[in-house]
Structure formats: structure tokens, C-alpha cells
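Subject: Structure handover

Hello,

Here is the structure I promised to pass on.

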Amino acid sequence: MSDVFDRAPDDRVQVLDESGDLVGEPPDLSDAELRDLYRHMRLARHFDERAVSLQRQGRMGTYPPLAGQEAAQVGSAAALEPRDWIAPSYREHATVHVHGLDLAEILLYWMGHGAGGWSTDANVLPPAVPIATQIPHTTGLALAAKRRDDDAVACAYFGDGATSEGDFHEGLNVAGVFDVPAVFVCNNNGWAISVPRERQTASETLAGKAAAYGIDGVQVDGMDPLATYRVTRAAVEKARAPGDRPRPTLIEAVQYRFGAHTTADDPTVYRDESEVDEWRKRDPITRLERYLRETGRLDDDGVVEVDAAVRDQVSTAIDRAERTARPDPDGMFDDVYADPTPALRAQRSHLHSLRDRHGDSAFLKD
Amino acid sequence: MSTDTDTQNLTLVQAVRDGLRTEMQRDEDVIVLGEDVGKNGGVFRATEGLYEEFGDERVIDTPLAESGIVGTSIGMAAYGLRPVPEIQFMGFIYPAFDQIVSHAARLRTRTRGRFTCPMVVRAPYGGGIRAPEHHSESKEAFFVHEPGLKVVIPSTPADTKGLLASAIRDPDPVVFLEPKLIYRAFREDVPAGDHTVPLGEAAVRREGSDVSVYTWGAMTRPTTEAAENLAAEGIECEVIDLRTLSPLDRETIVDSFEKTGRAAVVHEAPRTGGLGGEITAILQEEALLYQEAPVERITGFDTPVPLYALEDYYLPSPTRIEEGIREVVDFP
């Protein structure tokens, strides 16, 4: 564990190099677990391609793609236990799925269904669309887990842009002061829409910001699934049993957003395609696949099997999401409070009577 | 209103850009700053080309920090510049709320006029574009409630340019909310070059003698559509686009009501604590004896803005607006 934390903020942890060769200590994972990492990353990539395509076809609203970020999303989530908590941003589709969220629920959110979250029993907060707001929530979750002596760890996910927000500072500061069992995973994908990482902060690394809060900060190759797993696992174990180190950890997972910020964004306006090509050479999926093949853990048949399985899983999820009827407008008035106020009851019945008299077609534009 | 003779045919978002550009050419103290406003030209392209024309010292791509953007602007304004910070969506303005209400709004008062805050905070607001969560908010009432701020919401391209120019030249802080639903909905002729529309003056969009309908921003279009439909039934609505929500144009509001004796307010913000209540109070205070029916509020519901599958139910539609206006006209 100490080799993960006793290092300079820019001493990036790597297990697999860009060609998939082992260059660091591999994490303690069985062959089945390693293949599962690979399957989840393939699933994430395929889900992402289909989601972008659904948006292009008008079958889904604006969607934030994750391609390029599979290793950090899957590798770190795999290091958590179901009792642990996740407070994600809006791009962590793979992370929340690994932690138990159904793929169809993720699609339904981007299809404009639901009340702003997901229907799930997993310990996952709704996605935070305002930037960095989930970071203090994570501190609070961790503080509560500590108070209840629950042995649960809370894990926040956010981007490089989020480190500029006040909530980043406030959340990490409180986490440090109260020494809470929290892990803060910064998915540094290089770009906050059009603003590159080097214009986000003059700080040399994001991991280095941990020093200001008296907590550990580690930079990891975010396109190396074994490294992100290993570092997150070490941070989670430290959070559970701290010893003489602070419990909270800030992990800066250095990676790259292959696609647009969202389907409403056009990255060709602000970045060079050559930069994207450069990062594509470090594709996390290719890297893990090569490692698994080289070490005899995966062969052609295995790849074909995974390919078929992820296609099937994603199309089943899309079918389920698309077969889901438009939510009942009455539901808008539910759960605003534990007990609807008189005003809400009146507004619900008003809308009801309007629909009775005019029909839903008088309201719906499509 | 001052205008040159030449015009350009622009959408509302192009008029934002033209207004910024004209004011930046006119006054080198005008500085645009915000997230993605520079090289990217803004996520709605409202600042497209300004970075290339004015450079990175006057069109500043900031780090992702709303409180930082507005707080920095307050400092620049106190020093004498005219910053125009952009908040990417109104739903993301809240980290800057403290800076706007605790500092921008009060700097003049607290220093007895020694320091002022001639700043315009621009933000697209409102629903109807099938956007993700937190991208459809319409919370103008928060800012109208704050003494020291002016609040402006245009509904046409020409007004957008003219009101933005007036806001930038205004000596006090202005929250300038742009109806993104109609950013590209239609074009109209907009005066080229110097063009201002005074703050604090409402516009009568349609004259009518039966009922006064007060609205603003993106709701002006469905309200006008409802008014045309009702005209076919013989109900003549006077549609008033308030344009400036703080300070309200009490004179135009009251003059119309003295003529019609009946009123409805249409806004997409939630009903409770919305501007509909304030307008009703003005009518009570100044024209009670003209009143012939309860004032009807046709508004968003008192719920969070739903995700987009239900937003068409949430936003006042022509059907809902017509129903509401009929209630007023049919009373008792």
C-alpha cells in the first residue's frame, strides 16, 4: 500500500504500459475477475456507441459520452464493495453500472424519464449535473458511515473542471479535517468542454492539490484498468483501516475524452484531431485485451463471446428503455414533499382536468 | 430608442452576439468572460467570433467556477471596467448567487456610491429544448427579489440587442436572462450598429380591450398564439411583454388594466413566489376599483422542472393559456 501513497504527485502509477506490457505490480485479481474487467469495459464502449447513435437518431436527448474513460470508470468501481457509496457526475455510466445500476435506468434518465435520478437499490446518489456539488455529499456520506461505524467507504467521481469549483475545496477540506473514509476520484480527461486542463489550473498536477487538505493525493494512469483498480483498492482499504495515514484520498486518473463533451458539443472547434489520435493509441480496451491475450487469459473465442454478450446486453437494455411508456404527468407532483401540499394537489387536479378536456395531444409537441 | 438606418436579419442568439460585439467596439472596457465563451464561441454560439476579433484579454475563457467568474467580474467592475460574465445555463448560476446578491447588488449602497458594479450577468434560461436536468430553470424571481439588481428578459432579436446594450451601459448590475427556447426560433430585422432599448419599459405586443395578459421571454410566443386563437372566439387580449422584470413598468401594467379590468399573468417559473404574485399586487394597489375578475396565474407548477419527457406538460402551452384567459373573461 505504501508504494501507492509514498510518491510524488506527478509520479503516475502504471501497471500496464501503452502496449499492454506489465510494468508495475499487478493487483490481486483472479483470471475471472480480470476477464470481468475486460467485459465491463467492452460493455461500456458498446453502450456508449449505441447511446450516441440513439441521440443522433432522435431516440434520446443530449448524452455525455465516456469513450476513452472505460479503464478509470470500471477499474475504480471494481475496487468497491456493494456496501460502499458512489456519488457520480453525469458521465459515470460504466461506474454506476458496475456498482449495480441497470443499464436501462441510465438510458431512461437521458431519455428524459424519471424525476432526476434512477430507480435502484444500489448505493448510488443521483448523477450530479452541476459541477463538483457531489464532492461535499461524499464527505457527508463518509462522515455518516464513520459515525454509524458501518465500514462503508464513500467515493466521489468528478472531472478536471470540477477541481476549480468551490465545492471541490470545501468537500476535500472537510474530509481532511474529520478524517472521513472517502475516496475522491478525479477523472481528468483533459478537457472541460473547450477548456484544456492546463488552463483550468496553474497547479502542475491535480493530485498535488491533496496536500492543501492534509490528505493523500495519487496520480494514476486512468487508461490503465489495472492501475486504477490497484490505486482505488489501496485507497478504499486505507479508508477502512487507516493506520497512521489520513483516511481520505484524492486520486487523479489521467485519461482522455475521445468524443465530445456531450452530443451537443463539437470538439473540432477547440482541439486538434491529432491530439485525439495520439490518445487513441493508449486505448484502455486494446491495452487490457493485449495483456489478457499475452498471458493466456483470453483468446479469439473469448473475445467473440464477450462481443456477443455485450451486444445482447445493450440491445436488451435499449429495448426495455424504449418500451417504457412516457411517465404519467401526475408523477410530477409526487415526492416533492413527503406529503403533497394543498397547492400541489390543486395543481395536479387542474392538469388532470385539462388533460381530460383537451387530451394529451394538446400538450405534447411530438 | 436610438437606431441607425441599416438593419440585419438576425435570430435572437445572433442578436446577443451582435449586441456584445457592438458594445465591445464602442467601449474597450467591455470584457466578456465565462466558461467556453472564447475559442468555442459559447455553447450556444452567443459569443462566436468575439475571441478572434477582440483577443483573449477581452474574451476570457475562465476555469469552471461560477462564483469565481462573477466575483472576478465584481472586482473588475469596481475598478471601472464593464464585465459581461456569462453563466452557461441559469441552472448553474447558484454557486455565484452569493456574489450576486451579497456583493454585486449592494456594492453601491455599501460604499454610498464610491464603488459601483456596472456588470451584466448573462445566462440562458427556461425549458422546452429537451435539455438534460438543471438546464431548463426559470428562476428570475430570485433576482427580482434582490434590491440593487435589475433583471431583463428579452423576447425578440431587436429587443435583445437593444436591451443588452442598455444593460451594459447601465450604471448598476443587471441579470440578463436569455430565452434559449427561442434563440433560433425566428428572425427579424435588427438595427445594425448602435441600438438601444431602454430598461424598465414594457412593450404592448397586441392590443385588446377584454383582458390584459402579462408575460415575458419565451412565453411571449405561446401567449400571443393563444391571444390569436381567442380572437377567433371574439376575446380580445392585450398582450404585454414586460421585457424588464426589475424594475417593473408599473405604468404600462396599470394603464392596460384600467382599460380591460381583467388580467392574466403567464410565466414558466413555478407559481408560488413567482412574478405573477407581484404583478397581481400592483394591480390591487393601483387599480382595485377597475378590477372585474380575479387575476389568473398561468405558470409552471410548484415542482422541480421535470426531465424532458414531461416538460411539455410543465410549460404553459397555448391550450393552457387559452383556458386560463377564458376563466378570467367568463368571470363571474
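This is a predicted model: local features need pLDDT of at least 70, side-chain atom pairs count only at pLDDT 80 or more; totals for chains, interfaces and linings use all residues.

Residues are numbered from 1 along each chain as its sequence is written, while chains are lettered from A and ligands numbered from 1 in the order in which they are written.

Chain A

Chain A has 13 helices and seven strands. Helices (H or I, at least four residues) and strands (E, at least two) are DSSP runs, numbered from the N terminus. The radius of gyration of chain A is 21 Å, close to the 21 Å from the globule rule for 366 residues, so chain A is as compact as a globular protein of that length. That radius is taken over C-alpha atoms, and the rule is 2.2 Å times the number of residues to the power 0.38. Along the principal axes, the C-alpha atoms fill a box of roughly 70 × 50 × 40 Å. Of the 366 residues, 51% are buried (20 or more other C-beta atoms within 10 Å of the residue's own, with C-beta atoms placed from the backbone).

Where A meets B

Here 40 residues of chain A contact 35 residues of chain B. Contact means C-beta atoms, placed from the backbone, within 7 Å. On the chain A side, helices H8 (197–200) and H13 (342–358) each supply at least two residues. H13(A) gives the largest share, six residues.

Domains of chain B

Chain B splits into domain 1 (8–191) and domain 2 (203–330). The bounds come from an automatic or database domain assignment. Their centres, taken over C-alpha atoms, are 26 Å apart. In the contact between them, 26 residues of domain 1 meet 23 of domain 2. Elements giving two or more residues to the domain 1 side include helix H7 (157–169) and strand S7 (174–179) of chain B.

Strand S2 of chain B

In S2(B), residues 30–34, five of five residues are buried. B:Val30, B:Val32 and B:Gly34 lie on one side, B:Ile31 and B:Leu33 on the other. S2(B) pairs in the parallel sense with S4(B), residues 82–86, over five bridges. Pairing requires at least two DSSP bridges between the strands. B:Leu33 stands opposite B:Pro85 there. S2(B) also pairs in the parallel sense with S3(B), residues 59–61, over three bridges. In S3(B), B:Val59 is the bridge partner of B:Val32.

Best wishes

Methods
Two residues are in contact if their C-beta atoms, placed from the backbone, lie within 7 Å. A residue is buried if 20 or more other C-beta atoms lie within 10 Å of its own, exposed if 12 or fewer, and partly exposed in between; C-beta atoms are placed from the backbone.
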